[in-house]
Amino acid sequence: MASSLLCQRHKVFKKVNNKPVTLRTLDIGSDKEVSENMKVGQIAKNPALGLRGIRYSLYEKNLFKVQIKAMLRAAKNGKLRILIPMITTLDEINKAKGLIDEAKVELVKEKKSFNHKYEVGIMIEVPASAIQSLSLIHI
């Protein structure tokens with residue numbers, strides 16, 4: 001999966017000629033098909049129950065880090081914007097940033113080249129994040 005993500009995203013960065021590229025992390029919703037090897041716990045029974053967006057990524061940390069590492073590596077010479085869906089709290093943002101930092105440490109240990117400069121953004125999609133949007137915009 002990681003090499004496929006890397007290859008696909010690398011092509012995107014080549015085509016845009018140094019313009020910013022926004023890549024969204026995984027958001028498995030009730031309207032999406034999920035391969036059997038990704039189904040975990042309640043999400044396999046009913047993805048609308050709440051394990052979506054960042055909550056799924058915080059639950060499946062390794063899957064999130066695989067995505068982040070592929071993004072950072074693909075963008076090693078590009079302008080990357082990481083978009084995190086379904087954020088509801090500042091704590092979720094901080095945890096996601098912590099996992100991004102962990103992914104960077106792993107890439108250094110693996111001696112992989114990657115982009116150290118990127119922006120992180122969030123999707124304001126739920127009432128909880130809309131209500132507290134002023135406190136969330138300073139991520």
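A: **Salt bridges in the predicted model**

At 40% relative accessibility, Asp 101 counts as partly exposed. The side chain of Asp 101 meets that of Lys 104 in a salt bridge, with 3.7 Å from N to O. Both residues belong to helix H5, where they stand three residues apart and are thus separated by about one helical turn.

Salt bridges with shared partners also join Lys 65, Lys 69, Glu 102, Glu 106 and Glu 110 into one network. Within this group, Lys 69 and Glu 106 form a salt bridge at 3.0 Å, N to O. Lys 69 lies in helix H4 (residues 61-74) and Glu 106 in helix H5 (residues 90-109), so this pair ties together parts that are 37 residues apart in sequence. Lys 69 is buried, its relative accessible area being 15%, while Glu 106 is partly exposed at 25% relative accessibility.

A further salt bridge involves strands. Because Arg 81 lies in strand E2 (residues 79-84) and Glu 119 in strand E3 (residues 118-122), the pair ties together parts that are 38 residues apart in sequence. Arg 81 has a relative accessible area of 35% and is partly exposed.

The pairs described here are among the eight salt bridges that a search of the whole structure finds.

Notes:
Residues numbered from 1 in each chain as written. Predicted model: local features only at pLDDT ≥ 70, side-chain atom pairs only at ≥ 80, totals over all residues. Heavy atoms only, no water. Salt bridge = Lys/Arg side-chain N within 4 Å of Asp/Glu carboxyl O. Helix = DSSP H or I, 4+ residues; strand = E, 2+ residues; numbered from the N terminus. Buried < 20%, exposed > 50% of the residue type's maximum accessible area, 1.4 Å probe, protein only.
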